[in-house]
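Please look at the sequence and the structure below. The report then takes up selected parts in turn.

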Amino acid sequence: MRKLAAGNWKMNGMAASLAEVKALLAAHPDPACEMLLCPPATLIAQAAWATKGSALKLGGQDCHPKASGAHTGDIAAAMLADAGASYVILGHSERRADHGETDALVLSKAQAAWAAGLSAVICVGETEAERDDARTLDVVGSQLAGSVPEGATGANTVIAYEPVWAIGTGRTPTLAEIAEVHAFLRNRLAARFGEEAAEMRLLYGGSVKPSNAAEIFAIGDVDGALVGGASLKAADFGAIVAALAAA
Ligand code: PGA
C-alpha cells in the first residue's frame with residue numbers, strides 16, 4: 001500500500017497560490033508516498049497544467065451525485081476528472097454541517113466519483129459532544145456503513161477519520177485515541193470487504209502539522225493524513241509529506 005499525504009485547501013486559494021504548489025514540487029519532486037492536493041475547483045485545471053507530468057495528484061473537494069444536468073452551481077465528478085483530478089473528498093464534516101449532507105448522499109456521490117474514474121476520500125468523524133458521550137465508535141461506525149458503497153476497494157476508496165473538534169482547532173486526539181478509531185475502522189472494513197480492507201488507506205485528519213505528523217504516522221493503522229490549514233504552505237505540507245515518506 002502506498003501511503004497518502006492529502007491536502008485540503010477548502011475555500012482558500014487564488015491563481016497566485018499556484019506558487020505554493022510549484023514550491024512543494026520543487027522541494028519534493030518524487031516523494032516515497034502519494035502526494036495529493038485538493039484546491040478549490042476553480043484552480044484544478046490550472047494546477048494540472050502547472051504540474052503536468054509530476055508526482056502531484058489533484059482532487060476536488062466535493063461532487064454532485066448526478067453525471068450532468070440542471071444543477072446550478074454544482075460540479076460533476078467527470079468535470080473534476082476532465083480538469084485533471086484523480087480524487088475527490090466526499091462527506092467532509094464541513095459539507096455535512098454547512099450543506100446537511102447525509103450518509104446516503106455521500107454514498108451516492110462516491111458512486112458518481114467511481115463512475116468518473118475518481119477515487120473517493122470519504123470522511124467520517126465525531127463531534128466533541130459525541131466523544132464526551134463515549135459515542136465515537138458508534139458514530140464513525142454508522143457513518144462508515146452508510147457512506148461507503150458496496151464495491152469499495154483500495155484503489156477507489158480512501159477513508160479519512162477527522163474528529164470534528166480537531167479540525168482547525170490545533171487540538172488533536174491522543175495517539176491512543178487515534179489508534180483505537182483507526183483499528184476499529186479497519187475491522188469494520190474487513191468485516192464488510194474482506195482482504196480488500198488491508199488495501200484501503202485510512203487517513204487521520206484534524207490539526208495535523210509538521211510538529212505532530214511523525215508521531216501520528218507511527219500509529220499502525222494510520223496510512224497518511226488529510227491536512228487542511230497546514231497544506232496551504234508548501235514548507236509545512238512538504239514537511240508532512242517528508243514525515244510520511246519516512247514513516
Ligand atoms: P485542519 O483541517 O488540518 O486545518 O485541521 C483538516 C481537514 O478539515 O481536512
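## Gln-143 and its helix

Gln-143 sits in helix H7, which runs over residues 136–147. This is a predicted model. Is Gln-143 buried or exposed? Its relative accessibility is 12%. The cut-off for buried is under 20%, so Gln-143 counts as buried. Beyond its neighbours within four places in sequence, Gln-143 is in contact with Arg-96, Asp-103, Val-124 and Gly-125.

Helix H7 has 12 residues. From first C-alpha to last, H7 reaches 16 Å, close to the 16 Å expected at 1.5 Å a residue. Its buried residues are Thr-136, Val-139, Val-140, Gly-141, Gln-143, Leu-144 and Ser-147. An α-helix has 3.6 residues a turn, so residues three or four places apart point the same way. What covers the buried residues of H7? The cover includes helices H4, H5 (103–115), H6 (128–132) and H8 (175–193). It also includes strands S5 (119–124) and S6 (157–161).

## Helix H5 and the glycine after it

Helix H5 has 13 residues, which should span 18 Å at 1.5 Å a residue. Its end C-alpha atoms are 19 Å apart, and that agrees. Buried in H5 are Val-106, Lys-109, Ala-110, Ala-112, Ala-113 and Trp-114. Among the elements that cover them are helix H3 (77–83) and strand S4 (87–90). H4, S5, H7 and S6 are also part of the cover.

After H5 comes Gly-117. Its phi is positive, near 85 degrees.

## Asp-98 in helix H4

Helix H4 covers residues 93–98, and Asp-98 lies in it. Is Asp-98 buried or exposed? Asp-98 has a relative accessible area of 61%. Exposed means over 50%, so Asp-98 is exposed.

Now take a distance. Asp-98 and Ile-75 are 23 residues apart along the chain. Their C-alpha atoms are separated by 17 Å.

## Helix H10

Helix H10 spans residues 234–246 and has 13 residues. It reaches 18 Å from its first C-alpha to its last, close to the 18 Å expected at 1.5 Å a residue. Which residues of H10 are buried? They are Ala-234, Phe-237, Gly-238, Ile-240, Val-241, Ala-243 and Leu-244.

These buried residues pack against strands S1 (4–8), S2 (34–38) and S8 (224–227). They also pack against helices H1 (18–27) and H9 (210–217).

## Thr-51 in a loop

Thr-51 lies in the loop between helix H2 (41–50) and strand S3 (56–60). Its relative accessibility is 6%, so Thr-51 counts as buried. What does Thr-51 contact, leaving aside its neighbours within four places in sequence? Its contacts are Val-21, Leu-25, Leu-56 and Leu-58.

## Around the ligand

How many residues are around the ligand? There are 13, and Lys-10, His-92, Glu-162, Gly-168 and Ser-207 come nearest. By class, the shell has four nonpolar, seven polar and two charged residues.

Some atom pairs can be named. A side-chain N or O atom of Glu-162 is 2.6 Å from an oxygen atom of the ligand. A backbone N or O atom of Gly-228 lies 2.8 Å from a ligand oxygen atom. For Gly-229, a backbone N or O atom likewise lies 2.8 Å from an oxygen atom of the ligand. On its own, the ligand has 280 Å² of accessible area, and the protein covers 95% of it.

Most residues other than glycine have a negative phi. Lys-10 has a positive phi of about 55 degrees, although it is not a glycine. Lys-10 is found in the loop between S1 and H1. Ser-207 is not a glycine either, and its phi is positive, near 60 degrees. Ser-207 sits in the loop between strand S7 (201–205) and H9. Its relative accessibility is 14%, so Ser-207 counts as buried.

Gly-206 also lies in the loop between S7 and H9. With a relative accessible area of 5%, Gly-206 is buried. Which residues does Gly-206 contact, leaving aside its neighbours within four places in sequence? They are Glu-162, Ala-166, Ile-167, Arg-171, Thr-172 and Leu-226. Gly-206 and Trp-165 are 41 residues apart along the chain, and their C-alpha atoms are separated by 8.0 Å.

Methods. Residues numbered from 1 in each chain as written. Predicted model: local features only at pLDDT ≥ 70, side-chain atom pairs only at ≥ 80, totals over all residues. Heavy atoms only, no water. Helix = DSSP H or I, 4+ residues; strand = E, 2+ residues; numbered from the N terminus. Buried < 20%, exposed > 50% of the residue type's maximum accessible area, 1.4 Å probe, protein only. Near = heavy atom within 4 Å. Polar contact = N/O pair within 3.5 Å; in protein donor to acceptor, adjacent residues only side chain to side chain. Areas by Shrake-Rupley, 256 points an atom, 1.4 Å probe, with all protein chains shown as cover. Nonpolar A, V, L, I, M, F, W, Y, C, P; charged D, E, K, R; others polar. Contact = heavy atoms within 4.5 Å. Expected span 1.5 Å × (residues − 1).
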